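Dear colleague,

Please find the structure below, handed over for your study. The notes after it set out what was found.

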Amino acid sequence: MRAVVVTEPGGLDALQVTTVPMPEPQPGWVRIKVKAFGVNESEVTTRKGESDPEVTYPRIPGIEGVGVVDQADEDSGLRPGQQVATMMGGMGRSFDGSYAQYVTVPAGQVIPFETGLPWEVAGALPEMFQTAYGSLATGLGLQAGQTLLIRGGTSTVGLSAATIAKDLGATVLSTTRSPERARELRAAGVDHPLLDHGTIADQVRELMPDGVDAVLELVGCSVLADTLRTVRHHGTVCFTGALAGQWTIPDFTPFMIPNGVRLTSYAGEATDLPAQVFQQQLHAIAAGRLKAPVAKVHHGLEQVRAAQADVEAGTTPGKHVVLLDD
């Protein structure tokens, strides 16, 4: 089969399209014929050699993908030809991932679904929606009628979280550092786009004097203290991402957390996105209630370099997807 292989870390030219042996599924694993996959920041990190020691080389990157079952154990509950999604769990890191015509993964991280949506739309969703949904449901327990602040709103997870929260019935505030991107937030359903100059607590309190019910923190530790000041008494901040690159706080003290404010985190896996929830999201997209923020569709493995270059540039909002046209 054909695949993109990183033999050793490097620049975009480290992504080499080559022919490799067809992977054989071990017991309890499933072989999937890949139809499309999203391109993510973590795969750029893998290509550069900046991942943790879990990642070894040579490696086929790709932490998510959609396609059809090619081979599975009879007791897996999966059948050949069935539409499925898969993500994370070491995929593209400790074992070969989705930048290929076929991928093998543990059956436990396979999510079956049925949809008439194009493969490029389905391919944009797994990691993005899993992170957004898990943060809102597990991390924040967001309820209809509550107020949600998304810090880092023009990221793929931020845009996805906005659409999910609006479909739930929440009021959504969301941040961007660029005035030109406020319209993208409104297009995702955001009620109150906010311009983030590094501090936003005063802006939020002008709109919500008592503070918001919940915050999805995607920018990271560099702004966390300010984010905590936006939350009402007994409200919750869920730390999910660090777009600014800072994952730790020097000399952290719990007393930086305001009285009565809750701080939690979310870092989930495929099992945190139940098949019925993913199916509901697909139905909602087909019905027009949710939006899939697709930035660009790249055709064929030869376009992976271009897709990663676009992800690094960060100039186009939404998910970059590679579609395999057989």
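A residue counts as buried when its relative accessible area is under 20%, as exposed when it is over 50%, and as partly exposed in between, using a 1.4 Å probe and protein chains only. By that rule C238, at 0% relative accessibility, is buried.

Please note that this is a predicted model, in which local features need pLDDT of at least 70 and side-chain atom pairs count only at pLDDT 80 or more, while totals for chains, interfaces and linings use all residues. Residues are numbered from 1 along each chain as its sequence is written, and side-chain values use heavy atoms, with hydrogens and water left out.

The protein as a whole

The protein has nine helices and 15 strands; these are DSSP runs, numbered from the N terminus, with helices (H or I) of at least four residues and strands (E) of at least two. Its radius of gyration is 20 Å, close to the 20 Å given by the globule rule for 326 residues, so the protein is as compact as a globular protein of that length. The radius is taken over C-alpha atoms, and the rule is 2.2 Å times the number of residues to the power 0.38. Along the principal axes, the C-alpha atoms fill a box of roughly 60 × 40 × 35 Å.

Of the 326 residues, 53% count as buried. A contact means heavy atoms within 4.5 Å. Among contacts between residues at least 6 apart in sequence, 70% join residues at least 24 apart. The side chains include 24 positive and 36 negative ones, and the centres of the two sets lie 5 Å apart. Here Lys and Arg count as positive and Asp and Glu as negative, without His and the chain ends; each charge is placed at NZ of Lys, CZ of Arg, CG of Asp or CD of Glu.

The cysteines

A disulfide is a covalent bond between the sulfur atoms of two cysteines. The search used here takes a pair of cysteine sulfur atoms within 2.5 Å as a disulfide, and it finds zero in the whole structure.

A3 lies in strand β1 (residues 2-5) and is buried at 0% relative accessibility. Leaving aside neighbours within four places in sequence, A3 is in contact with several residues, including Q16, I60, Y99 and L301. Q130, in helix α3 (residues 126-140), is likewise buried at 0%.

Backbone features in loops

Most residues other than glycine have a negative phi, and most peptide bonds are trans. The peptide bond from Y57 to P58 is cis, with omega near 0 degrees, and P58 lies in the loop between α1 (41-48) and β4 (64-72).

With kind regards
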